[in-house]
Structure formats: structure tokens, C-alpha cells
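I'm opening my notebook to write down what I looked up, one topic at a time. Here is what I had on the screen.

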Amino acid sequence: MTAWHPQQGEVQLARDLVVFATGVAPQVSGMRWFRDANRLDISDQLPGWPEGPQYTPRTKPEKRTRSAARFGLRGLYAVVAGGLETLAGSGSLTKVPRAIGHPPEDPANEVEDFPVMWAAPGTLARTLPWQLDTSRRPAGYLTYAVVTDRRLVILGRADGGREEPEVLWECARTDIAGAERRKFSKENSDAVIRFTDGSWCRLHVSLPYGLLRYLATPHELLDDDDLSPGQRQAVEAFTARHALDARPVVSRRPSGHVLVEHRMGDGPPTSVGVFTGGHQLLGPDGEDVEEQPDDY
């Protein structure tokens, strides 16, 4: 087992519980697949992976039969009547469901199919650890994602275990092309992480905002020498105001603003998350500025 610790000078930006996502649309509810670029299943091609369940998407007749068996004819009438009402209102046979108020953003991969790994041979997503799959790993096992200014790391540990989590997988930050939140999901908390080789994965993240904003765009960390005199003064005032023992995390956002953050929860990687205890947005001279969409 290899324990994980930040390298010298490496800054931990976020840490959260993650697993492979699970479908929520009726056809794929409770299911997930691992696909190549031709949409073929590759779960039996992933080296070292234990055998997992084999899923088949449900068909519409199957869903109606299941509903009838559960609720009887009255329930079946409600299902059919509801379907007719939907068709009457939409004028379409292809209307797709909503999850917690959000429509599917990618019906082919959220309603008709639900891949959580999309990876041609030799691509990075194929190397992800099987422990992210809740249907394969031992009960009580936990997996964490740690994002630093240099890399993304997946850690694993037995729930309640006293040992430090082991490193299951990691990649350089430069291997990540971007990340997007997917709201058509359980708790609106799925995320698609895209790699520069064209492969991607879909993970369920406990607190997606914290993790994703450090993966969605490159996070340029700034030293005092990178700041204007006014910005340095503002950072010093921020440090004093929050009674910090160490310098806060200072970064340049895509908008050009400088973001100053007090990070909380930077303790052992066995804890769940890293949270922002306070933040401030600075303009070129250290003045407070209104936030832009890409700032957070």
C-alpha cells in the first residue's frame, strides 16, 4: 500500500468522496456501463478488474409490466394515462424524463445508455481503479478524489479504518482537458471529467462545486511576486482578518480577477472535504470587484 502525501510545494485545492455514477432515468436506473468509442462494453477488458454485474437497459413495455405487477391494473392505468398525457402535451414519442427538476443534457448517455467510462484502447480513462465501482468493491470501502495544483489523485480506504488511504490512481493536471457538472443525476451531483486523449469518465461527487471548479479550468496559483502592490496589501489584510497561520491560496481566475481563499479541512486525507472558509475577489489594484461567471 502506498500512502499519499503532497509533494514539496504542492498545494491541495480540493478533496471529496467520489464513485462511478449511477443512472437515474427509468431505462437505466441503478445501472452503469464501461464503453469504448464504438459504444461496446469493455468491462471484461480492464486489467485486474473483478467481475461485476451485467446490466441490460429496460424497455418501455418492460417498465409498464413492472408497474402493473407492483400496483395492479389501477397502477397500470395511471402509468398509461400519464404517458398519454405526456404525449398529448409534447406531441412527441421521444420526450425524455427529468431528474429532480432537470432535463437530460445528453440523452444518448443519460437515458438510452449510461456509460461512466468512455475510453478507446490505450487511453487514460481505462486505467481508472475498479474500486470506484460500488458494485465491485467491498462494503464500506470509500474512495476520495484529491485535486492539487499538479495532479488528480484517487485514494481508497476501508470505512472506519485507521490506516492512511492508499493511492489507487493519479494523473497530471495537464492530462485533464476539463470537467462539467451533470444535473440530471442523483442529488444533481454527477461530474464528467474529460482527458486530453479524448477519453472521459462520469463520477458522482459529494460536493461537486468544490472539486469541479479546480478541474474545469486551469488554476494558476500566484506568488507575491505575481501580484501588484495593491493586491499584496489586500492579501496581507485578508490573512490578518482571518487570523491565518499560513498564506491563503491566491489564484488568477479565467476572468482575470485574483481570488484569495482561506482553505479549511486541509488535514489528513482521511477527512472528507476541503472547504472555503472565506474568499475575496481582487481587481488589478487590490480593490474588491464583482464576480464573473468563471470566478467560482
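I searched the whole structure for disulfides and found zero; the term stands for a pair of cysteine sulfur atoms within 2.5 Å. Cys 171 is buried at 5% relative accessibility, and Cys 201 is buried at 1%. My cut-offs for relative accessible area: buried is under 20%, exposed is over 50%, and partly exposed is in between (1.4 Å probe, protein chains only).

**Ground rules.** I'm working on a predicted model, where local features need pLDDT of at least 70 and side-chain atom pairs count only at pLDDT 80 or more, while totals for chains, interfaces and linings use all residues. Residues are numbered from 1 along each chain as its sequence is written, and side-chain values use heavy atoms, with hydrogens and water left out.

**Cores.** Next I looked up the nonpolar cores, meaning sets of buried Ala, Val, Leu, Ile, Met, Phe, Trp, Tyr and Cys residues joined through side-chain atoms within 4.5 Å. The largest one has 44 residues, and Phe 20, Met 117, Ile 193 and Phe 195 have the most contacts inside it. A second, separate core has ten residues, including Leu 222, Leu 227, Leu 244 and Val 250.

**Phe 20.** Which residues touch Phe 20, leaving aside its neighbours within four places in sequence? Among them I noted Arg 32, Phe 34, Trp 49, Met 117, Leu 128, Leu 132 and His 204. Contact here means heavy atoms within 4.5 Å. Phe 20 itself is buried, with a relative accessible area of 1%.

**Aromatic pairs.** Rings of Phe, Tyr and Trp (its six-membered ring) pair if their centres lie within 6.5 Å; planes under 30 degrees apart are stacked, over 60 edge-to-face, and the rest tilted. By this rule there are six aromatic pairs. Phe 20 and Phe 34 make an edge-to-face pair, with 5.3 Å centre to centre and 80° between the planes. Phe 20 lies in strand β1 and Phe 34 in strand β2 (residues 33–35), so this pair ties together parts that are 14 residues apart in sequence. I also noted that Phe 34 is buried, at 3% relative accessibility. Trp 169 and Phe 195 are edge-to-face as well, at 6.1 Å centre to centre and 65° between the planes. That pair links distant parts of the chain: Trp 169 is in strand β6 (residues 166–172) and Phe 195 in strand β8 (residues 190–195), 26 residues apart. Both Trp 169 and Phe 195 are buried. Phe 20, Phe 34 and Trp 49 form one aromatic cluster.

**Strands.** Helices (H or I, at least four residues) and strands (E, at least two) are DSSP runs, numbered from the N terminus. Two strands pair if DSSP finds at least two bridges between them. I picked β4 (residues 141–148), where seven of the eight residues are buried. On one side of my notes is β1 (residues 12–20), which pairs with β4 in the antiparallel sense over five bridges. Gln 12 has Thr 148 in β4 as its bridge partner. β4 also pairs with β5 (residues 151–158), again in the antiparallel sense, over seven bridges. Leu 142 has Arg 157 in β5 as its bridge partner. A hairpin of two residues joins β4 to β5.

**Salt bridges.** How many salt bridges does the structure hold? I got 14, taking a salt bridge as a side-chain nitrogen of Lys or Arg within 4 Å of a carboxyl oxygen of Asp or Glu. Arg 194 and Glu 180 form one, with the closest N and O atoms 2.8 Å apart. Arg 194 is in strand β8 and Glu 180 in strand β7 (residues 176–182), 14 residues apart. Both ends turned out partly exposed: Arg 194 has a relative accessible area of 29%, and Glu 180 is at 25%. Glu 105, Glu 180, Arg 182 and Arg 194 are linked in a network of salt bridges.

Glu 220 forms a salt bridge with Arg 252, with 3.5 Å between the closest N and O atoms. Glu 220 lies in strand β10 (residues 220–221) and Arg 252 in strand β11 (residues 249–252), so the pair ties together parts that are 32 residues apart in sequence.
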